[in-house]
Amino acid sequence: MRILVTGATGLIGTQLCSHLLTKGHSLHILTTRSPWRTDDAQTRVFQWSPKNMQIDHLALEGVNAIINLAGAKINQRWTAKNKRSILKSRMQSTRLLFDAVKQTDQKPHLINASAIGIYPSDFERKYTESDTSFSNDFDGEVVRQWEEETKQFEMLPCKTTILRIGLVLSSKGGAFVPLSLPTRWGLGAWFGNGQQWQSWIHIDDLVGVIDYCLQNQLEGYINATAPNPVRQRHLIQTIAKEVGAPQFLPGIPKFLMSIALGKMYKLVYDSIYAKPERLLGSRYPYQFPEISACVADLIAKDK
Ligand SMILES: NC(=O)c1ccc[n+]([C@@H]2O[C@H](COP(=O)([O-])OP(=O)(O)OC[C@H]3O[C@@H](n4cnc5c(N)ncnc54)[C@H](OP(=O)(O)O)[C@@H]3O)[C@@H](O)[C@H]2O)c1
């Protein structure tokens, strides 16, 4: 298969591309980085600028699937300027792809990133893909609008998969590194009372889920999370146990984090339990369904 990947240089995209290449696919990468090169014979690199609505249309040539992961980092201070960039980078990249596909005769399968932040924070509720209550907070609103834009592909008509991705755990970056580093030094602490649900997923499983959606042509909304979310306190305690460090610090109060992070602090206090009902229903073979094995694997990889 020839697959177009955007956001290919990011945390998820880098591992996804390596995986797809080992499966024998050829890749077209659309990047905002210029110049950006690869020595891999199966990969071609194309430039685009969602900000200026510019795209190299050759990137679409002969493509069977598109995996759209592009977007400015959400974990940056939520100033008015950054908020605009977080929203527009997602809306404009998706719209640009839509316009480009519309001009071709191809109907590639689109797999688009989204996030479980679409669900309202709740310490007890468990969300599945069929839930329709959405968060009114900034991050929830970004994701909701992004999904609306993505749904346009169904009209082309293209098979469209919207992956509501949970907290991606990887030894190479993302949330796991800042969570595990202080814990190794005995300085691990949860936020608030630590009772917030963390719907996590090991990066190997996320890459596996994307591949699984491609192979099995799964369409619609999919919670890309492990089947067993944990309370944040449990996550920190699991990391401490794995690295053999004591865990004695109390929870970090909200006011401290709001000073340090501004309004973005809510991301670490939100509680979202997203059950991957569709993946469980279609028997996706999880490598890491439990947090203990996931953490052990990531710590071992980091040694
Ligand atoms: N990691 C998580 O825990 C998580 C959880 C839920 C959802 N997600 C979503 O999944 C997607 C991929 O996540 P990730 O962790 O791999 O993100 P990442 O490491 O931040 O990578 C995102 C990629 O998007 C491209 N990008 C950055 N700013 C851009 C802009 N202004 N306009 C267009 N493209 C831009 C960059 O690729 P180029 O430099 O090559 O253009 C970058 O490598 C994101 O949309 C994210 O919101 C991630």
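Trainee: What should I know before I start?

Mentor: The model is predicted: local features need pLDDT of at least 70, side-chain atom pairs count only at pLDDT 80 or more, and totals for chains, interfaces and linings use all residues. Residues are numbered from 1 along each chain as its sequence is written.

Trainee: How many helices and strands does the protein have?

Mentor: Start with the terms. Helices (H or I, at least four residues) and strands (E, at least two) are DSSP runs, numbered from the N terminus. Here there are ten helices and 15 strands.

Trainee: What radius of gyration does the protein have?

Mentor: The radius is taken over C-alpha atoms, and the globule rule is 2.2 Å times the number of residues to the power 0.38. For 303 residues, a compact globule would come near 19 Å; the protein has 19 Å, so the two agree. Along the principal axes, its C-alpha atoms fill a box of roughly 60 × 40 × 40 Å.

Trainee: What percentage of the residues count as buried?

Mentor: Count neighbours. A residue is buried if 20 or more other C-beta atoms lie within 10 Å of its own, exposed if 12 or fewer, and partly exposed in between; C-beta atoms are placed from the backbone. Of the 303 residues, 42% count as buried.

Trainee: Is Met53 buried or exposed?

Mentor: Met53 is exposed, because it has 12 other C-beta atoms within 10 Å. Met53 sits in the loop between strand E3 (43–49) and strand E4 (54–55). Its phi is positive, about 55 degrees, although Met53 is not a glycine.

Trainee: Where is Arg283 found?

Mentor: Look between helix H9 (277–281) and helix H10 (291–301), in the loop. Arg283 also is not a glycine, yet has a positive phi of about 60 degrees. With 9 other C-beta atoms within 10 Å, Arg283 is exposed.

Trainee: How do I check the span of helix H5?

Mentor: The expected span of a helix is 1.5 Å times one less than its number of residues. H5 (residues 203–216) has 14 residues and should span 20 Å; its end C-alpha atoms are 20 Å apart, which agrees.

Trainee: Which residues in H5 are buried?

Mentor: First, the general idea. An α-helix has 3.6 residues a turn, so residues three or four places apart point the same way. In H5, the buried residues include Ile203, Leu206, Val207, Ile210 and Leu214. Just after H5, Gln217 takes a positive phi of about 50 degrees.

Trainee: Which peptide bond is cis?

Mentor: Check omega. From Leu156 to Pro157 the bond is cis, with omega near -5 degrees. Pro157 lies in the loop between helix H3 (138–151) and strand E8 (160–165).
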